[in-house]
Amino acid sequence: MIDQQAQNKIKTEEYFINMGPQHPAAHGVLRLILTIDGEIIKNVEPDLGYIHRSIEKMCERDSYQQIVHLTDRMDYLSSHINNEAVCLTVEKGLEIEVSDRVKVIRTIIDELTRIASHCLWWGVMGMDLGALTTYFYAFRDREMINDIFEETCGARLTMNYNVPGGLMFDIHPNFVKRTKDFITHFKTKIPEYDRLLTGNVIFQKRTKGVGILTREDAISFGVSGPTARGSGFSSDVRKHHPYSAYDRVNFNEILFTEGDTFARYQVRMMELWESVSIIEQLIDNIPEGETKAATKAVIKLPKGEFYQRVETARGELGVYINSTGNKNPYRVKFRSPGFSNLSVLNHISKDVLIGDLVATMASFDFVIPDIDR
Amino acid sequence: MNFTQMIIPLNITKTISDWIYSIMPETAASYTIMVIIAVAYLALFAVAGLYLVLLERKVAAWFQLRIGPNRVGPWGLLQTMADALKLVSKELTSTIKIDKFLYNLAPYFVIVSALMAMAVFPFSEQFQAFDINIGVFFLIAISSIGVIGILLAGWSSNNKYALIGAMRSGLQTISYELSVGLSILTMVLLTGTLQLSEIIEAQRTGGWLILQGHVPSIIAFMIFMVAGTAETNRAPFDLVEAESELGAGFHTEYSGMKFAYFFLAEFINMFIISSIAVVLFFGGWLSPFGITENIAWFPQVFWFLIKVLGLIFLMMWFRWTFPRLRVDQLLTLEWKYLLPLNLMNIVLMAIVIWLNWTI
């Protein structure tokens, strides 16, 4: 009888499917090797190396000023924050104290970068879930930030505005006015984002209870940034290890305890408000002062190890420099947020549908060149 | 059987049909006229399909703070013509190890089933190629053939994404077919006929059916629009070609004109669903409140097209606003909510008719 049933049962078989390196949901050249049973995912194996440029090795060849420019190309959406991380590390090694003006300007641009990055994430999140209009709404506002950047430092995405010891040059005279205009404009647009996507029944059904990451898992996998804060893991470097001007502004660290895709979504949406509030606190009182501390033309860090961490739009970026006292570092290591966040994907994507994996990935906000340096 | 009754009895068509009957034996003339009508319809719907694509692109642009196509021709009017020309002239590529026969057959299945449904549409009182007494039944039957083409395309492409897309299409169409059928049945209960022209005639005196049957009618209309959107595989039910999950779904491996067939069929299907809704709920070619009923020269087809375009705009609005459902949520919506609601709605409608509560 049992044999008969076993024979009558239709034989099913798991199969492999490549999600990427060219796939609309991979946002770049991430390749996920999925093991699928029907539409249910059994295993997710990320395969990296499609955009590996050996930035860490190139850093060993270059001078400290040149390293800054390479970091733009890691997490290109937080390029200014990456630059700042290297500059802060070098400044730590040289024991330079940058002026207050530099600190405040760096913080304002950090937060503008974070808004721009979260805007892009919001647009793409909607697009991954099939709501194509979000992308254009988000880009309308992101474009204004890019214009501000372009006016101040000549570049829109890979900014290279930081140099060890300060800023490359002072802000444009229009910077303060345009930033204020943007903040006024953007405060009317965040509720519009919520009306279009957050409150949508289908969107909430797609994201609530999907891809649940517990606090314990978040800590043990080294997850950081909004992804970790969606699981209730307080990990904001700006709060716990303040750098630049973050110790003189009031802002909340957004924490949600649900750990699902919708919680991660809400963390980022609330962070938009926090970023706006940080900029508002700083924009009216940028102190006067030098924009660049005097450094030697050839920077030589003293012998030793230097580490600095910053909060990028995706999480904690750590820069480790091991110097032997030469004009080049002996070893540079970047602790990028994307790589650690990706490592947890397989753990939380077992036995879910393909659509859920796409939603989860969208809420992690991967930037592939950041994962694969 | 005299085929002249079936075509547009404007003077020019009358002249043509008289002339054809005068130069040919009667049987040959009938067949010639049938072919001419078919060709006319084909041309009409190639153009309709292309302009619906343009409309979609323009509507999408309005929703998305863009301008939309505006370079080819005034207001971009020739854009989709140029696209179609490009697609016709493109090489038809395919991968190895495909099932050649089924692979080539699939696009024709989809487009032919879409075009056949057009035959019974009452564009105006006289402009109807084929007024059969089971018109509604014919429409449901024909519109469910298209899914076979999609399944064939996914199966024969030798591509896992295409296969997943096709399987999703199968379960989606089979599920939502029920809701489409039952909501149409609710309205048929009210009219007591399956013939499209008679359904419209029933609305001449009593008002549009959506008002005649009040609550059950409105429920039926809402279910029909949801299920109809799912039938045409459009967002938020576009799981079949969910581009962020499956690349392009079932037509991943198709190129050139074969791809264009799938693409055009989607838009013609949208036209079909809207047309059925207009006939069943909004009085077909009847003017609202009979405002142009006494104007002899006023084309009734104008009202039909205006109503259809209104509903098409509604479907486009869905597409550019909503995120996509997940595959299990899609089935939950149908089997747990729409289907029981629909069955209750039929009973409700029967009670309404039995108690003579119709307006």
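Mentor: Let us begin with handedness. A crossing is left-handed if the near helix is turned anticlockwise from the far one by less than a right angle, and right-handed if clockwise. In this predicted model, α3(A) and α4(A) cross in the right-handed sense.

Trainee: What else describes the packing of two helices?

Mentor: Two packed helices are described by the angle between their axes and the distance between the axes. Here helix α3 (residues 64-71) of chain A and helix α4 (residues 79-94) of chain A have axes that come within 8 Å and cross at roughly 155 degrees. That angle makes α3(A) roughly antiparallel to α4(A), since angles over 145 degrees count as roughly antiparallel.

Trainee: Which residues of α3(A) and α4(A) meet?

Mentor: From α3(A) come A:Y64, A:I67, A:V68 and A:T71, and they meet A:N82, A:N83, A:V86, A:C87 and A:V90 of α4(A). By class, the contact of α3(A) with α4(A) comprises 6 nonpolar residues, 3 polar ones and no charged ones.

Trainee: At what angle do the axes of α2(B) and α3(B) cross?

Mentor: The axes of α2(B) and α3(B) cross at roughly 120 degrees and come within 8 Å. The two helices α2(B) and α3(B) are therefore oblique to each other. The handedness of the crossing of α2(B) with α3(B) is right-handed. In the contact, B:L50, B:Y51, B:V53 and B:L54 of α2(B) meet B:Q79, B:T80, B:M81 and B:A84 of α3(B). The residues of this contact between α2(B) and α3(B) divide into 6 nonpolar, 2 polar and no charged.

Trainee: Let us turn to sheets. What is the strand order in the open sheet of 4 strands in chain A?

Mentor: The order of the 4 strands is β1-β2-β3-β9 (chain A), and the pairing is antiparallel. At the edges stand β1 and β9 (352-353) of chain A; each has a single partner strand, so one side of each lacks a neighbour in the sheet. Within this sheet, strand β2 (residues 31-37) of chain A pairs with strand β3 (residues 40-47) of chain A in the antiparallel sense over 7 bridges. One bridge joins A:L34 to A:V44 in β3(A).

Trainee: How many residues lie between β6(A) and β7(A) in their hairpin?

Mentor: There are 4 residues between β6(A) and β7(A), and A:G315 in the turn has a positive phi of about 150 degrees. A further bridge links A:F306 to A:I321 in β7(A).

Trainee: Finally, interfaces. How many residues of domain 1 of chain B are in contact with domain 2 of chain B?

Mentor: For an interface, one asks which parts meet, which elements contribute and what classes of residue are present. The domain assignment of chain B gives domain 1 (1-89) and domain 2 (98-354). In domain 1 of chain B, 19 residues are in contact with 19 residues of domain 2 of chain B. On the domain 1 side, α2 (26-63) and α3 (79-89) of chain B each supply at least two residues. The largest share of that side, 12 residues, comes from α2(B). By class, the side of domain 1 of chain B that touches domain 2 of chain B has 16 nonpolar, 2 polar and 1 charged residues. The centres of the two domains of chain B, taken over C-alpha atoms, are 20 Å apart.

Trainee: Which elements of chain A give two or more residues to the side that touches chain B?

Mentor: Between the chains, 26 residues of chain A are in contact with 24 residues of chain B. On the chain A side, the elements that give two or more residues are β1 (15-19), α5 (100-128), α6 (133-153), α8 (201-207) and α15 (354-364) of chain A. The residues of that side divide into 14 nonpolar, 6 polar and 6 charged.

Notes
Residues are numbered from 1 along each chain as its sequence is written. Chains are lettered from A and ligands numbered from 1 in the order in which they are written. This is a predicted model: local features need pLDDT of at least 70, side-chain atom pairs count only at pLDDT 80 or more; totals for chains, interfaces and linings use all residues. Domain bounds come from an automatic or database domain assignment. Two residues are in contact if their C-beta atoms, placed from the backbone, lie within 7 Å. Ala, Val, Leu, Ile, Met, Phe, Trp, Tyr, Cys and Pro count as nonpolar, Asp, Glu, Lys and Arg as charged, and the others, Gly among them, as polar. Axes are lines fitted to C-alpha atoms, for helices over the stretch in contact, and angles run from 0 to 180 degrees between N-to-C directions. Angles under 35 degrees count as roughly parallel, over 145 as roughly antiparallel, 65 to 115 as roughly perpendicular and the rest as oblique. Two strands pair if DSSP finds at least two bridges between them.
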